[in-house]
Amino acid sequence: QVQLVESGGDLVQPGGSLRLSCAASGISIGVNDMAWYRQAPRKQRALVAVISSRGSTIYVDSVKGRFTISRDNANNAVYLQMNSLKPEDTAVYYCNTVPPFKAGSPESDVWGQGTQVTVSS
């Protein structure tokens, strides 16, 4: 059974930093492309950053130069270092595979509980 547990979210002032963590079980992140997604209030969940199984990274334009995705294969964990945070970064952040892991019958996406990031003064 796949479980994704995100943590590290908090209330932070604009310009601040946070480091999100994702602990995965039931899946080996080392052989999967992994990503951080986020869902802002009244918006659909969207891809933020990807790290491939080979270690290459991709970011959406809005976070380039501010966010860094990384992976610890030994601990089966994925991280997102977020710097220079802006109010528009406020969202619930999730980690998952790319595309999102599916399970069940009928199949549906498997998501963790996410971690809330709020950027506000």
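Asp-61 is exposed, because its relative accessible area is 63%; exposed means over 50%, buried under 20%, partly exposed in between, with a 1.4 Å probe and protein chains only. Its side chain meets that of Lys-64 in a salt bridge, 3.0 Å from N to O. By salt bridge I mean a side-chain nitrogen of Lys or Arg within 4 Å of a carboxyl oxygen of Asp or Glu. Lys-64 counts as partly exposed, at 49% relative accessibility.

A word on the basis. This is a predicted model, where local features need pLDDT of at least 70 and side-chain atom pairs count only at pLDDT 80 or more, while totals for chains, interfaces and linings use all residues. Residues are numbered from 1 along each chain as its sequence is written, and side-chain values use heavy atoms, with hydrogens and water left out.

How many salt bridges does the structure hold? Four. One joins Lys-102 and Asp-109, at 2.5 Å, N to O. Another joins Arg-38 and Asp-89, with the closest N and O atoms 3.0 Å apart. Arg-38 sits in strand E4 and Asp-89 in the loop between E8 and E9, so this pair ties together parts 51 residues apart in sequence. Strands, labelled E, are DSSP runs of at least two residues, numbered from the N terminus. Both Arg-38 and Asp-89 are buried. Arg-66 joins these two in a network of salt bridges.

Now E4. Five of its six residues are buried, so E4 is largely enclosed by the rest of the structure. E4 runs antiparallel to E5, joined by five bridges. Pairing requires at least two DSSP bridges between the strands. E4 also pairs with E9, antiparallel, over six bridges. There, Tyr-37 stands opposite Tyr-94.

Key: Helix = DSSP H or I, 4+ residues; strand = E, 2+ residues; numbered from the N terminus.
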